[in-house]
Amino acid sequence: MLFTLPCLCQTFSSSCSYFPHNPSTRIKCSGGKVPRFTQKPRDSSYFIERGLEFSTGDAFFRQESATGRDLGVLAASLHKKNNGRLRVLDALCGCGIRSLRYLAEAEADFVAANDGNECYGSTIVENLSRVSGNEEGRWVVTHLEANRVMMDYYLQKSFFDFIDVDSFGSDSSFLRSAMATLKLGGLLYVTSTDGYSSGGHRPHHSLAAYGAYVRPMPYSNEVGLRMLIGGVVREAAVLGYHITPLFSYYAFHGPVFRVLLRLNRGKIHDSRHYGYIGYCHQCGNSQDFSWDQLGQISCSCSTPKVSNSLVVSGPLWTGPLHDAAYLMDMLNLAKQWGWIGCDGKDSLEKLIKLMVDESDPNLPFGYIKLDEMASRAKINSPPLKALMSAMHQQGYVASRSHIATNAIKTNCPMTECIKIAKELLQVSIG
């Protein structure tokens with residue numbers, strides 16, 4: 001039996017302004033770049049993001065989340081270019097800004113914009129009507145619980161190329177229904193805003209939500225991304241699928257953990273990227289542990305077989321957070337669209353390049369905070385660039401982290417990092 005999805009019949013007149021995808025017809029800043037965000041004068045509910053005007057109405061809206069929307073639109077557009085089609089489901093659309101951008105910028109063939117709050121309906125319809133009228137069939141607005149709308153589409157065998165679930169907290173109940181509604185090879189863009197669980201402050205909560213018992217660690221924000229990916233890995237395996245992370249993005253406001261994953265058929269039977277992470281408070285080093293090592297976990301800095309200073313979290317995703325080639329395609333597309341260099345800081349370009357650097361397969365999980373290193377060594381921190389350069393000279397791999405500005409991702413152990421830092425500061429090691 002097929003279910004008919006309800007939609008709002010209210011439409012708005014064609015007088016609603018619409019900024020087409022062609023950058024030459026959009027609002028630009030100096031140098032022909034498309035500005036990220038502006039607010040219309042004398043009207044607090046209307047904004048312009050990447051040249052597209054929209055209303056927030058009474059819906060919750062964060063201007064700071066524009067970067068996450070930028071990344072999603074770039075990924076959706078790449079999928080359209082590579083596959084020739086793009087059907088998008090925005091399961092928790094709020095005011096509809098993401099749905100609007102998928103239609104206008106990623107040129108989606110169809111967008112299903114859903115939000116459980118019916119009070120947002122007129123705002124969502126107003127925004128989407130800037131692209132096309134409801135009668136054209138390029139979009140539909142529904143007001144159902146997120147799992148309900150996804151399962152309704154699944155029962156209709158109406159699958160999507162791109163599903164965006166921008167949820168609050170650690171609501172992982174949607175993961176299985178989202179993957180069931182996604183086409184093979186499709187993209188799943190998921191969110192967590194649960195900084196308490198990623199920080200190890202609610203281990204039983206993270207265990208219930210993502211199947212991971214998380215303890216406090218210095219790189220907890222990266223753990224949050226790995227916790228989210230690991231939860232999807234577990235749910236995908238139940239359905240006979242596996243996932244590949246294309247990028248993982250952390251933003252401090254919220255905090256927000258955003259991950260883009262590609263869904264593939266077939267389980268990966270080895271668990272090399274799904275295991276346990278240990279951090280030793282005594283020496284500051286981290287290491288990963290496989291399932292086979294459970295019951296034998298210890299740190300080399302401690303003589304007893306069981307190290308009291310070692311905390312272990314998991315199971316988590318321990319593999320790469322990004323796909324470097326995919327990120328470069330996103331960066332090249334952003335340049336084509338004039339998104340680079342328009343805010344004076346090149347923040348989007350800087351972010352994507354940092355992610356590319358983090359994609360080095362020789363880099364382990366986690367990062368070393370310079371403040372922690374300096375505290376252990378009882379020295380002042382040397383300049384970050386100088387420390388990274390010295391690490392490179394000694395054969396270590398090192399990169400800045402997009403998650404923490406004053407931190408280094410490296411395969412250099414903490415003890416060696418301290419030694420290098422002291423040598424840079426010409427401090428006696430004796």
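This short talk goes through aromatic ring contacts in the structure above. The model is a predicted one, in which local features need pLDDT of at least 70 and side-chain atom pairs count only at pLDDT 80 or more, while totals for chains, interfaces and linings use all residues. Residues are numbered from 1 along each chain as its sequence is written, and side-chain values use heavy atoms, with hydrogens and water left out.

The structure holds 16 aromatic pairs, where rings of Phe, Tyr and Trp (its six-membered ring) pair if their centres lie within 6.5 Å, and planes under 30 degrees apart count as stacked, over 60 as edge-to-face and the rest as tilted. One of them joins Phe-60 and Phe-168, whose centres are 5.3 Å apart with planes at 75 degrees, so this pair is edge-to-face. Phe-60 is partly exposed at a relative accessible area of 48%, and Phe-168 counts as exposed at 54% (buried is under 20%, exposed over 50%, partly exposed in between, with a 1.4 Å probe and protein chains only).

Let me turn to Phe-162 and Tyr-189. Their ring centres lie 6.2 Å apart and their planes stand at 70 degrees, so they too form an edge-to-face pair. Phe-162 is buried, at 0% relative accessible area, and Tyr-189 is buried, also at 0%.

Finally, the charged end of Arg-258 sits over the ring of Tyr-189, 3.8 Å from its centre, the criterion being NZ of Lys or CZ of Arg within 6 Å of the ring centre and within 35 degrees of the ring normal. The charged end of Arg-87 sits over the ring of Phe-160, at 4.5 Å from its centre.
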